[in-house]
Structure formats: structure tokens, C-alpha cells
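Please keep the structure open while you read.

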Amino acid sequence: MANPIERKEGVLYCERVELEAIAREAGTPVYVYSAGGIRESYREYAQALDGMDARVCYAVKANGNLSVLRLLAAEGAGFDIVSGGELDRVLRAGGDPAKVVFAGVGKTREEIEFALESGIAAFNCESEAEIALIDALAGRMGQQAAVAIRVNPDVNPDTHPYISTGLREHKFGIDIHAVEEVYERARGFAHVRLEGVACHIGSQLLDAAPLIEAAQKMVALAGRLRARGFAIRHLDLGGGLGVPYKPEDKRPDVKSFLGALRRLLTGTDLTLLLEPGRSIVAESGLLLSRVLYRKSNGNKEFIVVDASMTELIRPALYGAHHEILPLRESRIPGSVVADVVGPVCETGDFLARDRAMPQVMPGDFVAVMTAGAYGWVASSNYNARPRPAEVLVDGSQWRIVRRRETYEDLVRGED
Ligand code: LLP
């Protein structure tokens, strides 16, 4: 499936389902995901790694819907989690805890205990204090925890500053120049096994070169640690491969990236772990919305839609670009340069700014494209807006995999 979202005779489809049918039956705003597209993206990784000692640990933070996790678990995926809540989701979806790695700078005692009880594969640790806490808790539980230290390889990826993570100035990881001493100081812990090295340099990388540069530095580091007597078994390279959000963006070639990693790791006897999120789900998802109003202020045009920053925060937070397509080609010729905005009371509440848009009119549906990653998961109830439903399409079938929130949901737990 080259692209699970396709226009046929002027009408937009997800796999074999007409999106307008979903918009009408499920209501808007609603997220729609293609099961076939997600499977295919995962398989691209799995097939390129075939025969290698490697595992794909899907980054749950990108899209944690249980049905999405279930279909990836059925493909044999491992999972990268950043919280107890994500671990709970993975377990509920039938994910194998022995294929789970746990990242994050601020793991709490309760989360570490939950992960140890569940028997996860490894912790990616970000500070000495965290390793000490894992050691103490594992000791109390009569266990030995597998640990990789997240290293900051000081590689500068060319991406948005908010999603670049691998520089010394960022809160993530431990500086590659200081990390060997950290391994040395952690050597004495009886209840952790220092068996990995990990990094994640940033997200939405359209050029794989910085990832390969980081991998080179990490393989060299693993070699130096082994020379110091540490039994390093795995290299976790994190996620980061980007997707084309704009028509002119070039999709990085997963196969050639993984081919380069295969060459780099040959003969090293290291297990490779990858934590892709966005590149597995982003292009297989979209957000359906309905046009509410057209208005103009002076010579500025606005298209007011029923989706907003509470459904998709990426444009407001990162100035991110998402294509916005009408579900049916407009009957009115010509286009308009407009801001596409939602109902939320914030000037920053926009889905697109100064965008050349077809002449969509109230009642028309639009699709906010490439929204399968970091969409619903980062949604909020700001302005007391119920979070949207999620729909999974598989071939010619579709079903609601999360119902839309109700006002009742919004007050649950309040006095
Ligand atoms: N592993 C670690 C340790 C990470 O921090 C991340 C993403 C991933 C894996 C997955 O990276 P991916 O393959 O998806 O690039 N909300 C932002 C993205 C934040 C990414 C955070 N970390 C956005 O909407 O662009």
C-alpha cells in the first residue's frame, strides 16, 4: 500500500473506505487510522532487519490507542514506553513485556516497581540517581535489572529545536564524554546489569545522516566500554526518522538507512534496538473536521473548522505543517489564502496559516493529513472540549476504536 489515503474520482478514501461516510456516521472531529498502512510501515522495518539480531520497539508515545498497539503486538513488535501508563496500555494490548524498553528522565519509584514486576527487557537510564534507585528497588524485589545508559552523543540533527534532544544543552541523557565514568561508578551496583548503550538524538529527521553518525559514535563507545570489562550487549538507537508533511518533503529511505546500520553493526555482536514512532503511524492517520464558518477580517480570510489545537496541537506548538484537503473536490473554482482555525479561545489556535485552500464552504469536510503520530495522544480538554473519537480502517471495514468523550466524561472524578 503505497499510500493508504488516496483520492479516487475526486473523493478521498482511507484504504477502501470513503472518508465522508466515516465523518457522517462517527461525527467530527474524528481521527482515522489505516491498519494496513501501519502494518506496512512496521513491516518495512522488520523486513529490512531480517536476519539481524535486532528488534523494533514501537514508541507508544506517538499513538497509544489500544487497537493500534494490538495490531503492532500481533506483528511481533516490541515497545518503547515513557511512563507507567504506557506500560499498562502495552500489557492490556497483549504486548510482550520482555520486549519493552523504558525511557524517560523522570521515572518514579512506583513506575520502576511496576516495570520490574512486569519483567520488562531494559531500562534506559538518564542519571546516576535513577540507576541507584533502580538498584535499590530491584534488590528489594530480589531481581537484577537490565540497564542501558542514555547517552548524549553530541550530534546535531537538523530539526525543530523542541524535538532535537541529542545536544549537551538538552535535559536528555548523559554527555558521551562523561558517560564512561558514570558506567564505572555504577559498576558496584549489585542489582543492575549494565548491558546496553542508548541514545535518541531527535525526531522528524528527514536526513538519516545524523542518525548514522550517532550510531558510529555509539558503536565506538560500546567497544570502549567492553574494553573496560562491561558486558555490553545491546545498542538502542532510539527513534527519529521523519515523514513528509509537505508535498515537497522527501521521505527518508528506511531500507537504505537500515542497510547502513546493518553494515555498521556487522561483527560487533551487538543487538540493535530501534524505537520508531512517527515513521510507523504518522502517514496512516488523519483528522477529519467539518467547516463551520467562513469569515474575513479586512483582507484576512478565515476558515473556521470544528477541530482545533485541543485535537491537534502540533501547528500551535511547533508551527508544524499539515496538509489540509477537502474530502470532495470543491465545486467552486479557484482558491483562497486563509487561516484554518478552530473554536478555541487562543490566537495560537490554528491548524494552518496563510494557506492556499480550495473554496471549502460550511458543511464541507476536510482532512488534516499526516496526523497519525503525536495527534490524539497530545489532545486536551482545554475549553471543556471532549476529546475526539478514533476510527481504525482495515480494508473495506472500519470501526470506532475509541468513542468520543461526553460531557459526563469531562466531569468524572470532580466533586
Ligand atoms: N525514543 C525516544 C527516547 C524518544 O524520545 C522518542 C520521541 C522516540 C523514541 C520516538 O521518536 P520518533 O520515531 O517518533 O521520531 N511531539 C513531537 C515529537 C516528540 C518526540 C519525542 N520523543 C511532535 O509532534 O513532533
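Arg 278 lies in helix H10, residues 278-281, where helices (H or I, at least four residues) and strands (E, at least two) are DSSP runs numbered from the N terminus. This is a predicted model, in which local features need pLDDT of at least 70 and side-chain atom pairs count only at pLDDT 80 or more, while totals for chains, interfaces and linings use all residues. Residues are numbered from 1 along each chain as its sequence is written, and side-chain values use heavy atoms, with hydrogens and water left out.

Buried means under 20% relative accessible area, exposed over 50%, and partly exposed in between (1.4 Å probe, protein chains only). A salt bridge is a side-chain nitrogen of Lys or Arg within 4 Å of a carboxyl oxygen of Asp or Glu. Arg 278 does have a polar contact of 2.7 Å with the side chain of Ser 203. Such a contact is a pair of N or O atoms within 3.5 Å; within protein, one must be able to donate a hydrogen and the other to accept it, and residues adjacent in sequence count only if both atoms are side-chain atoms.

Now to the domains. The assignment gives domain 1 (5-33 + 282-411) and domain 2 (104-274), with bounds that come from an automatic or database domain assignment. Their contact takes 10 residues from domain 1 and 10 residues from domain 2, contact meaning heavy atoms within 4.5 Å. The C-alpha centres of the two domains lie 36 Å apart. About 910 Å² is buried between them, 59% of it from carbon and sulfur atoms; this is the accessible area (1.4 Å probe) that two parts lose on being put together, summed over both. On the domain 1 side, Glu 283, Tyr 318 and His 321 lose the most area to domain 2, together 53% of what that side buries. Between domain 1 and domain 2 the count is 1 salt bridge, and 1 residue pair is in polar contact across the interface.

How many salt bridges does the rule count? The count comes to 28. The table shows some of them.

| Pair | Closest N to O distance |
|---|---|
| Lys 300 and Asp 354 | 2.8 Å |
| Glu 184 and Arg 228 | 2.9 Å |

Glu 20 and Arg 24 both sit in helix H1 (residues 19-26), 4 residues apart, or about one turn of the helix. Glu 20 counts as buried because its relative accessibility is 11%, whereas Arg 24, at 57%, counts as exposed.

Lys 300 and Asp 354 form a salt bridge. That pair links distant parts of the chain, with Lys 300 in strand S15 (residues 300-305) and Asp 354 in strand S18 (residues 350-358), 54 residues apart. Lys 300 is partly exposed at 27% relative accessible area, and Asp 354 is exposed at 52%.

Salt bridges that share partners join Glu 180, Glu 181, Glu 184, Arg 187, Arg 224 and Arg 228 into one network.
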